[in-house]
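Please have the structure open as you go through the points.

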Amino acid sequence: MPETTPTGLTRLAFGGDYNPEQWPETVWHEDVRLMREAGVTMVSVGIFSWALLETSRGVYDFGWLDRLLDLLHENGIRVDLGTPTVVPPVWFYREHPEALPVAADGTRYEFGSRGAICHSNADYRVAAADITAKLAERYADHPALALWHVHNEYGVPVSACYCDSCAAHFRRWLERTYGDVEAVNEAWGTAFWGQRYTDFAQINPPRVTPTVGNPGQALDYKRFADATIRENFVMERDILHRLSPGIPVTTNFMTALSQCDSIDYWAWGREVDLVTNDHYLMTDGRRTHVNLAMAADITRSVGGGAPWLLLEHSTSGVNWQARNPAKAPGQMARNSLAHVARGSDGAMFFQWRQSRRGAEKFHSAMLPQAGTDSRVWREVVELGACLDSLSQIQGTRTQADVAVLWDWHSWWAQNLAWRPSEDHEARERADAFYEALYDRHLTVDFAHPEADLSAYPLVVVPALYLMTEAAGRNLKAYVDNGGTLVVSYFSGIVDEHDAVHEGPYPGALRDVLGLTVEEFSPLLGGESVRITGPDGSELTGDVWTEFVVPRGAETVWTYADGLAADRPAVTRHRLGEGSAWYVSTRLDAHGLDALLGWAADEAGLAPRADLPRDVEVVRRAGESGSGEFLFVINHTPLDAKVPLETAGTELLTGERAAGRLAVPAGAVRVVRLDR
């Protein structure tokens, strides 16, 4: 079995993408000297280098990469070596123009960017396999090699191609998946609008149609596109396993819901040896550190809770948003250690030296345009120095309190056209519920709806429009056995084919929630409803209401106005040893806090009123009592004091910590708790 951690890396991973081909070789020695000064332990190399490695078909130049890897090894720097299959050379596209992807409207993209690939194209697959094999044969035994890095950020910027090659591949995929065309007709409901097929050869990708196309077809094409991309990863991974045994293979995910919506990371997490992720702050007015925490929790979860690795984030501003502010002093280290708190065994960046040319020349780097006499460089060196003191946390696991259920297939289905309200968005509800849990200082695992949930006293379902019968039974068993479940509206509605479950809404969740929904009643833009409790207290909802009929559930809060006035708004169903809560409107932050507060109390999760808002407290622990570590991250402009139940040693300062831990404004403290 391959290793699941970078080979030979005895400290936390610290470094970044290194693209020395952008610079004369005279700069390389200066780079490596500065890497040692900064405490760099690993760099990612070769990700975009196919055109330099294979200068024309079958003509290779590995000399420059030989010299680079030797130089890095001589200086004690490990290598995450990329297969450059995200950027086929121009000579390849001129020989095989049909390898360029086609959009749903028939437009064929041109060479000149990155990721412009038809993943069904046979010539691309042959060429990708060839360059991967050549790299593995040459570098499998290189002493600097720690990790293989296949491709780059699969699914971005092109996740699906609609060309004739993809059409043929899609038909083969459908035949493997369904067996015969009648099963496809049944799954897609082709009796509607006279769309029935009599032969697989009649089926095309969901290209542009005069009005909304078949939603079952569109959903399956998203699955097909994801599976096709994954086929190419597995092809490269298997070559590397065969020719370079013992070296783990990964590809960099983009799990943040704000950054990639086309990849089923539950499926991908099972295919990599080590889960890795790229994360960039989205400067859209949100609390960016909450999005960071959420992305880190998702990443850890798709890896089954095991330690993972942050392969890319930024030292300061990025270059691809409408507005790209710099990070505040100290924010880079705080962001890095927040990922480490939530399971990463290091913090890597894009990139080492800031580019002078190309599309990302304004993207920050470890070594900025300003050079070593700069704030960013000084902070990089300081962070590299402090990571040494955290090496003992390698291999430990982050401890979670609650689970949030999430499924990329459900997200894809909900985002198809003609849903009851365009104002309801799965990502928005996931963000909102996560933020409410974050503000209650609860650490979150994400879980698939059919996963074992028995370890969690509280499970939250922000938005699962698509839910299988198996998932519904799983949640019923969870509650029967003593769990506390919270479900938000428009969940459990359709099955895996986007067909409404037979009988009243909410389909797969009727039994566990103890209710039915007669009708959805979405609100118009700007409308809201009042919700009242038995004690006269009041909450506010918007976007959505429903006509809920209890079938065993008790009404906790009631609509005070709107079309659903006097009907249940929030219910609780006591089932077996547990209970299931349901909220049928979009609550604001205050309402979500109240709802989750009731549920958390019922689940036995004690509130942390002693912790200030935006001060994170996260635990990592070894599996056999090998150490427990408390990360305290202060995202506020004020000094904080956090009570410690157990004394210990603060690793970044070396000081003893007991009673109340002082955490300066914007700082991080990591305490190894006494046994």
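1. Pro 157 sits in the loop that runs between β6 (145-150) and α6 (164-178). In this predicted model, the peptide bond leading from Val 156 into Pro 157 is cis, with omega near 5 degrees.

2. The phi angle of His 151 is near 55 degrees, a positive value in a residue other than glycine. Is His 151 buried or exposed? His 151 has a relative accessible area of 3%, under the 20% cut-off, and is therefore buried.

3. Another cis peptide bond is worth a look: the one that joins Tyr 505 and Pro 506, where omega is about 0 degrees. Pro 506 is placed in the loop between β16 (484-488) and α16 (510-513).

4. Val 543 is also one for your backbone list, with a positive phi near 70 degrees in a residue other than glycine. You will find Val 543 in the loop connecting β19 (538-542) with β20 (546-550). Val 543 counts as buried because its relative accessibility is 7%.

5. Helix α8 (residues 215-243) passes a simple length check. Its 29 residues, at 1.5 Å a residue, should span 42 Å, and the C-alpha atoms at its ends are 43 Å apart, so the two values agree.

6. Next, please turn to Tyr 265, which is part of helix α9 (residues 265-269). With 2% relative accessibility, Tyr 265 counts as buried. Which residues does Tyr 265 touch, leaving aside those up to four places away in sequence? They are Phe 253, Met 254, Thr 255, Cys 260, Val 302 and Trp 408. Val 663 is 398 residues from Tyr 265 along the chain, and their C-alpha atoms are separated by 35 Å.

7. Finally, the surface. Phe 192, Trp 193 and Trp 418 make up a nonpolar patch there, and together they have about 430 Å² of accessible area. Trp 418 comes from the loop between α13 (408-414) and α14 (426-439). Why does Trp 418 count as exposed? Its relative accessibility is 61%, and exposed means over 50%, so Trp 418 qualifies.

Notes
Residues numbered from 1 in each chain as written. Predicted model: local features only at pLDDT ≥ 70, side-chain atom pairs only at ≥ 80, totals over all residues. Heavy atoms only, no water. Patch = residues over 30% accessible without salt bridge, like charges linked within 9 Å, V, L, I, M, F, W, Y side chains within 5 Å. Areas by Shrake-Rupley, 256 points an atom, 1.4 Å probe, with all protein chains shown as cover. Salt bridge = Lys/Arg side-chain N within 4 Å of Asp/Glu carboxyl O. Helix = DSSP H or I, 4+ residues; strand = E, 2+ residues; numbered from the N terminus. Buried < 20%, exposed > 50% of the residue type's maximum accessible area, 1.4 Å probe, protein only. Expected span 1.5 Å × (residues − 1). Contact = heavy atoms within 4.5 Å.
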